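Colleague: I have not looked at this one before. Can you take me through it?

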Amino acid sequence: MAKGGRESTDRTMPQFFETALQQSVGMGQDLAAMPYVGYRGADVAAFSPMQQAVFQNQQDAMNAFGMQGGQGQYMPDPVNTGGALGYSSAPVYDAAMANLEATSPAIPDYISSFGIDPITGEVGSRAPDSQPVALEMQSAGRRGGK
Amino acid sequence: MAGSANPNMVQSVPDPTSMPRATPYQRASMANMGAMQTYANPAAAAANMMNPYQQQVVDATIRDVGNAAQVGLNQIGAQAQGAGAYGGSRQGIAEAEALKGFNQQALDQVSRLNQQGYQQSINNAYNAAAGLQNTGNQAFAMGNQLQQNQMQQGAMQQQMMQNLINAGKQQFAGYLGQPQQNLNTMLSTVSAQPQLSGQERSFKPGLFNYLQFAAGLA
């Protein structure tokens, strides 16, 4: 190598490849603002009519021998999710969230700030788009969904 | 059959049309309680199970013994007459002894028959109780088997419903995860491209290079 000069080597990539990388990063940023989406349908299949008949029969059997049958509804009312009858964990989740909001309201606010508002679509204050960073890319992906 | 009705035959017989309404467990419980009543008070159960023809058998036995006694007395009278001592004191003593024997024989026979009858009724009561227990056990076992079958089929139905719910939840989760799947596709596409990055080399000459260049021109 000749003395006195300076030789440098820079990595380069094709323009379309760089664009694809930028688009991927933009998609990742958008995805990072996705809030939690809970499932609100049936989770656990409800007892079938035959099973309920078995329960009733067993209670009757216990009563026939003078024993306590354990009558009464134990499980919550099943929900109908497109014809599928089952017990949903959504009420349990709602209760847990309500309890959290009542006892530690800052926590759900903090967690929610990482994603968009599920009602208005407003980007949360801690979402990537709200971060105070001067991004080099021109776009972090198309906004506004559809 | 002639004679009075058999009390064992006129006891209440369950109405066949009402039987299906009683569950196997109700039948088992009733049978069990019936058996327990017998074991708790065997005498009462035995009294209910006494042979209704017992008295007829006793009467017939007493009659037989009486007939035998009459034959015996006739023989004693004939013997006394043959001996020319009919109506004598020896005939009287012999007849009294014979009657005493026949009476004792009759009492023994009646006692034996009554003892046999009571023992038989006790045995019958216990047998009936055992039969009730067996019937109750059968009913209980049938009920359990039916319950087991019903529970299995019910569980199958519930499992099918659970499968349906799981399939729906899987579709929903797939929908929610589709953007991430899209990004993964994008990233895998980018990372899969071979040799897309290259090197660009450049050289910035220094003072020595310029001097060397000037010396070359001289």
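Modeller: Chain A has four helices and four strands. This is a predicted model.

Colleague: In what pattern do they follow along the sequence of chain A?

Modeller: Chain A reads β-α-β-α-β-β-α-α.

Colleague: What percentage of chain A is buried?

Modeller: Of the 146 residues in chain A, 10% are buried. As for contacts in chain A with a separation of 6 or more, 60% come from residues 24 or more positions apart.

Colleague: Now the two chains together. How many residues are in contact?

Modeller: On the chain B side there are 43 residues, and they are in contact with 47 residues of chain A. The elements of chain B that give two or more residues to that side are α1 (24–40), α4 (89–191), β1 (198–204) and α5 (207–217).

Colleague: Which of them gives the most?

Modeller: α4(B), with 24 residues. By class, the side of chain B that touches chain A has 18 nonpolar, 21 polar and four charged residues.

Colleague: What does α4(B) pack against in chain A?

Modeller: One partner is helix α1 of chain A, residues 15–31. The two axes are 10 Å apart, at an angle of about 155°. Angles over 145 degrees count as roughly antiparallel, so α1(A) is roughly antiparallel to α4(B). Their crossing is left-handed.

Colleague: Which residues make that contact?

Modeller: From α1(A), they are Ala20(A), Leu21(A), Gln23(A), Ser24(A), Met27(A), Gly28(A) and Leu31(A). From α4(B), they are Pro179(B), Gln180(B), Asn182(B), Leu183(B), Met186(B), Leu187(B) and Val190(B). By class, this contact has nine nonpolar, five polar and no charged residues.

Colleague: Different topic. I clicked on Ile122(B); where is it?

Modeller: Ile122(B) is in helix α4 of chain B. Leaving out residues up to four places away in sequence, Ile122(B) touches Pro42(B) and Ala46(B). The C-alpha atoms of Ile122(B) and Ala47(B) are separated by 8.2 Å, though the two residues are 75 apart along the chain.

Colleague: Why does Ile122(B) count as partly exposed?

Modeller: Because Ile122(B) has 18 C-beta neighbours inside 10 Å, and a residue is buried with 20 or more and exposed with 12 or fewer.

Colleague: What about confidence in the model?

Modeller: The model scores ipTM 0.81 and pTM 0.71. Chain A has a mean pLDDT of 87, with 87% of its residues at 70 or more. For chain B, the mean pLDDT is 87, and 87% of its residues reach 70 or more.

Colleague: Which residues of chain A have pLDDT under 50?

Modeller: pLDDT stays under 50 over residues 138–145 of chain A, a stretch with eleven contacts beyond four places in sequence in the model.

Terms used:
Residues numbered from 1 in each chain as written. Chains lettered and ligands numbered in written order. Predicted model: local features only at pLDDT ≥ 70, side-chain atom pairs only at ≥ 80, totals over all residues. Contact = placed C-beta atoms within 7 Å. Nonpolar A, V, L, I, M, F, W, Y, C, P; charged D, E, K, R; others polar. pLDDT = per-residue confidence, 0-100. Axes fitted to C-alpha atoms, helices over the stretch in contact; angles between N-to-C directions. Parallel < 35°, antiparallel > 145°, perpendicular 65-115°, else oblique. Left-handed = near helix turned anticlockwise from the far one by under 90°.
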